[in-house]
Amino acid sequence: MSSLFRASTLFVVVAALALALAGCNREEHHDRAKPIGETVPAGESPDTIFPGSSTPPPLDPRAALYDNNANAISKGQQLYLQMNCVGCHSHGGGGMGPPLMDDQWRYGGRIDQIATTIAEGRPNGMPSWRGKLTEDQIWDLAAYVRSLSGLPSKDAVSSRSEGMSAGTPQTLTPHAEPKNSDAPQQ
Amino acid sequence: MTDIRAGTFEGAAGRPAGAERERERVEAENRRLAEERKKIVRDGPKLKGAKLAARLETAWRRPPGIIGWLATVDHKEIGRRYIITALAFLALGGVLALLMRIQLARPDSALIGAERYNQLFTMHGSTMMFLFAVPVMEGVAVYIIPLMLGARSTAFPRLNAFSYFMYLFGGLMLWVAFALNVGPDVGWFAYTPLSGPEFTPGKRADVWAQMITFTEVSALAAAVVLVCTILKTRAPGMTLARMPLFAWAMLVQAVMIIFAMPAVALCSSMLISDRTIGTNFYNAAEHGDALLWQHLFWFFGHPEVYIIFIPATGFVSVLCETFCRRPVFAHAVVVLALISTGILAFGLWVHHMFATGLPRVGYSFYTSASMSVSIPTGLQIFCWLATIWDGRPRFQVPMLYVVGFIITFVIGGLTGVIVAAVPLDLQLHDTYFVVAHFHYVLIGGAVFPLLGILTYWYPKITGRMMSETLGKIGFWLVFLGFQLAFFPMHWSGLLGMPRRVYTYPAGLGLEVPNLLSTIGAFVVALAVGLFVINAMVSLYRGAIAGPNPWGAASLEWATSSPPPVYNFEHVPVVESNTPLWDLDGELPVVTGLRVDQKEMLLTTVVAATPDLREPVPEPSLWPFISAVAVGIVFIASIFSPWAIAVGIIPCAIALTAWFWPKELKRHPEPVIS
Amino acid sequence: MKSRAPAIAALMPLLLGGCQYQRYQSDFGRGAVEDTQFLTLFTIFLVVCGIMYLLVIGFLFAGILHRRRLDANVVETRRHHQSHPLMRSTLIGWAALIGVGLFALAVASFVTDRSMAAAAANDKLSVTVTGNQWWWDIVYNSGDPSKTLHTANELHLPLGVPTRILLNSNDVIHSFWVPSLGGKQDLIPGRQNDITIVPKRTGIFRGQCAEFCGAQHAHMALVVVVDSYPDFIKWWDHQLQPAAAPATPLALAGYKYVTTGPCSSCHNIGGTAAGGQVAPDLTHLASRKSIAAGTLPMSEGNLYGWVEDPQSLKAGVHMPTIGLEPDQLHAVVAYLETLK
Amino acid sequence: MILEPRFTDDLADLPTFKFGPSSLTWWGVVGFMVIEGAGFALAFAAYFFIMGHEQGWPPEGRVAPDVLAGTLFTIIILLSEIPNTIVKKAANVGDIAAIRRLLPVMVGVGVVLLIIRAFEFNSLNCRWTDDAYSSIIWALLLLHTGHILTDWIDTVVLCGLMFTPVAYEGRRQVDVDENSMYWRYVWLLWIPIYLMIYWVPRL
């Protein structure tokens, strides 16, 4: 009886620690004094659209700071409203701009690809935000955009904003694995 | 009248043969059990003294080792655990207070950052209110009330064990989360929309709200245990009029918990559902309202502070009675004052919301209601003062704490009357003036009597006296340290220092009062440390205390120190308000309870005439396992709502096993195994 | 009015600092009608409660020193003990005393409440203050839209004119509180509260958010300047003017950077291309007495420190650290200083 | 000095169980009923607080819930009081056979009610994320479902227990008596909730 008891407590402790450690970086605050560029070297630009099955460049090291980070997603959510992304993309359903809550990604659904899309801008109306937003803010926005299609872990996203209720809460949005869409340009 | 129910039968004609045989079998079994019942050994003139004590000991003791430790249902063991765990959380909360005071000692100090400081004051508030104040009062009551009422155990002892484990798991969850940087930082009141899904990302506010669920389930369970114990298990002859004032205080407190805690349970569950599945209770843009949270929270919040204060009035009544060598003056007035305080406390909550712009006419009602609640407390204070004046006070350490209580608490009560007026509260609300007010009524009003009562009942719990000299030094340190720490806060509040600020600019005149408060805080910390040292040292080096070292009057002093597992060899009979003082040498007792199985006496509610012999549950692991199962479901439900749907099954299994009898055969007399 | 030394200060223990603090952010500033009424009512309450306290302490020490001849250990049991007859009547007297005392205080409180409401009845100026996470957005409403003034973090009030301040919030609950002028009112999202202030004394006062509103709740202060009526009108007209065009080449470089760079996404500078609506209005930044909602007094050094790296001065503030090159920083600060 | 006992009277033949307020578990059940009652009362207060903010109820753009499932549920739960009262009387007189016949009926009724409740949830014509009105009526229905589910599980366990020989012990009949008292409380609480969810929006 006692060995089983010891084994089970050991298992419970290890499981609790693993669950808890996952919580650690979810709550990290990045109010850094120095701009993001100087703290973590930028990866090479993932901006090459790679036709066919060639593998994309490795993920930008800065992604670890933003993906699944609750504070980044929350700041991104406020920036999404303040910078009037709603004007074209509405609350992820799309309008003049493409929808952001589906799994179709013309320019890549990885966080660094979305950040590059925001920074560079895209043909057919996506403005370039380089110079208008800092790198940190662009990556916050990219983290929030990924949460519209349920990609980050459910404990990092916020269930609703304090505004009008816009569709299913992100905590209940199903995970839509991004696919590189080659749909014709509208 | 035999207690075995022979099955009653409808008309014989329509009965099928099967039922006929069933009837004979049950009849035979009844006869057999009636014979067995006659052979049960019971206490009485023929079986008393050491022989009885040995037999009762074997029936009532729990299995040894870790399994026994987890399975205990002895109210004394659970009470001790409650008190020790609550004092541990007091120390943790106190350390947080010292960190806050170090940060606030100097203006514009960058020692502790904003986010860290917000976590500190949230954890300080939540720990002190939910993990220290209410549980320590429950712990003292769970230990002392059965002894004071002449009962062998509390009602529902397994529910009592479950309540302690839920409290322990709630406290552990909050502090482990705080250590893993997931601690709440939205204040112990967690106003929405700051604690809502948009402005507190991550799981910080969910951890806080789930800690509320844990501690509220624990407090409600303990409250039901206390109400049933006080109403049903009093010694024969202890009518309601003869019940000690401490028992009255715990009865009023338990009923208040039963009506107040569901409010915070509801609003914290609504907050968690807002944060996890996106309901819109507090979302102003979707027909919700941020003030719905404040109304529900403070409907619980204000009774909560009386839930902490009323047991302390019970403590003061006990100490005044013993140390002034006479019953408390005007017993009926104190009882009525307790009851009216309990009722009035539910009508005041809007005085926490004077600045939220509700209609001014409504505010005037709450001003007068808030002022009127100080009348019953004022009468209680008069009765204590009359007891001191008319008795022969002996100023040993517990009585010093009563004097310290009166001097400190009355200042807090009067500043309470000041902030009850709307024009004054608009200036003083959410400033350090209010911080001073509630520390005066909570530390002065509850912690001082608590330190006094722990010194008073320490010999009963451990069998040894606490050191008188260390006690006196400790008292003067905590009393003077407290004034030095919290009186200047009235001044910094009037100079315009708001609450919950991690720093303040220089040049506003706040430097001197904040520095004094920091010094005072360290003196109080020293004093509490001294009290703990005194308690530890006296465990081994304290003078041996007999059953009644203070010459007190209530029943807990009629048994040995520390009391045996079964409390009383024979259940005592009470004939007056101060039983031990009115005896003529011998303790009147009733006999006839079983000796081979755990059994206690139930009496009627008002007149306390003997009514039933109730089997006392055996120790069992199931309350602990149920607490673990319910705890895991609570914690998992922070991360996904499906945890509740899936988690009901293990909880149902654990709770059924807790209720299910070990052997499914009939006993001569019922046994809860 | 100013001649009489504040009676309250005499009552308070004198060990504390000199009086000049009490005119800036303390309840004794007597800056407006509301604060003076608070002080009179506070005095009444202090006196009545003080008397009650002395009675209690007196009764306590009488009880302690009231030595009884019999042996201290003899127990007076209920059966052969009857309380002192005087006690029963003192109990009734005590209850009556508490009741009358509280009733008087309640009446005093209602009367003060009513007179505060009366003083605030005929307000002439309307200002809308909107709380944001950790700064105040201020709009001076006027019948003529061209006269509507949009500013932030610094509130100017005309002497003697009842001003009705409408309180909204964009995010969480804040609380508008200028101790020297009067009581506080919360700014709650989804409802509009209001507070009326009748300034009685010119001068500079400091208010602070009094409801916990997140990381930088401590640095959400508000400077209130009470001017005489003509000065106030002159200030208002000056603030309506668009930003002055930059004169020196350094200021011109700063102008170019600010109106095209990240600053323009959030801040608005009247008369320029910078039209962001989600951060304080900077049109007349240099005319204000503080930066970042009262966190730092206005000075060139503080402007440098704040623009270069706001996060280390106010960790968690929504203004990002842009990482300006030194020459850009000189240009931006030079331009900001021209926005008088 | 431990006091010498002075024996007064012997309570050997006191009963070990009674029905009604003499029983300890009666007070425990009433205690938990008061707790849930306080919780439900505050939920009702929150309902009317949210309702107070609206000009129209349900708010514009919302349709009131369909009454079919709710009314069917109410009828059945009120009818369930008949077997409930019979089993309570049977417990009082200790008629084990009747108890063994009727408890399974109560369990069956519980299953039927839980099934109807599932239909009720999608007859609410709104999703809990829509607005405060939808959130509070989902909350009320969910709270009452929890209330029924816990008492149904109690009834199942009790029903299982009454088929064992232990059923003949008096305390078990007290448990049956108090369980049916609690069932009465469950449908008593349902009436205001039923009116608030289905009929107040139609006023």
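**View 1. Where chain C meets chain B.** In this predicted model, 79 residues of chain C are in contact with 79 residues of chain B, contact meaning that C-beta atoms, placed from the backbone, lie within 7 Å. On the chain C side, α2 (33-65), α3 (85-119) and β7 (185-187) each give two or more residues; helices (H or I, at least four residues) and strands (E, at least two) are DSSP runs, numbered from the N terminus. That side of chain C holds 43 nonpolar, 25 polar and 11 charged residues. Here Ala, Val, Leu, Ile, Met, Phe, Trp, Tyr, Cys and Pro count as nonpolar, Asp, Glu, Lys and Arg as charged, and the others, Gly among them, as polar. For the complex, the predictor gives an ipTM of 0.90 and a pTM of 0.93.

**View 2. A loop residue, L111(B).** Look between α4 (75-105) and α5 (114-149) of chain B to find L111(B) in the loop. Beyond its neighbours within four places in sequence, L111(B) is in contact with I102(B) and Q103(B). Y502(B) is 391 residues away along the chain, yet its C-alpha atom and that of L111(B) are separated by 9.9 Å.

**View 3. Confidence along chain D.** Within chain D, strand β1 (residues 4-10) is lowest at a mean of 87, while helix α1 (residues 24-52) is highest at 96.

**Reading the labels.** Residues are numbered from 1 along each chain as its sequence is written, and chains are lettered from A in the order in which they are written. Local features need pLDDT of at least 70 and side-chain atom pairs count only at 80 or more, whereas totals for chains, interfaces and linings use all residues.

Methods: Contact = placed C-beta atoms within 7 Å. pLDDT = per-residue confidence, 0-100.
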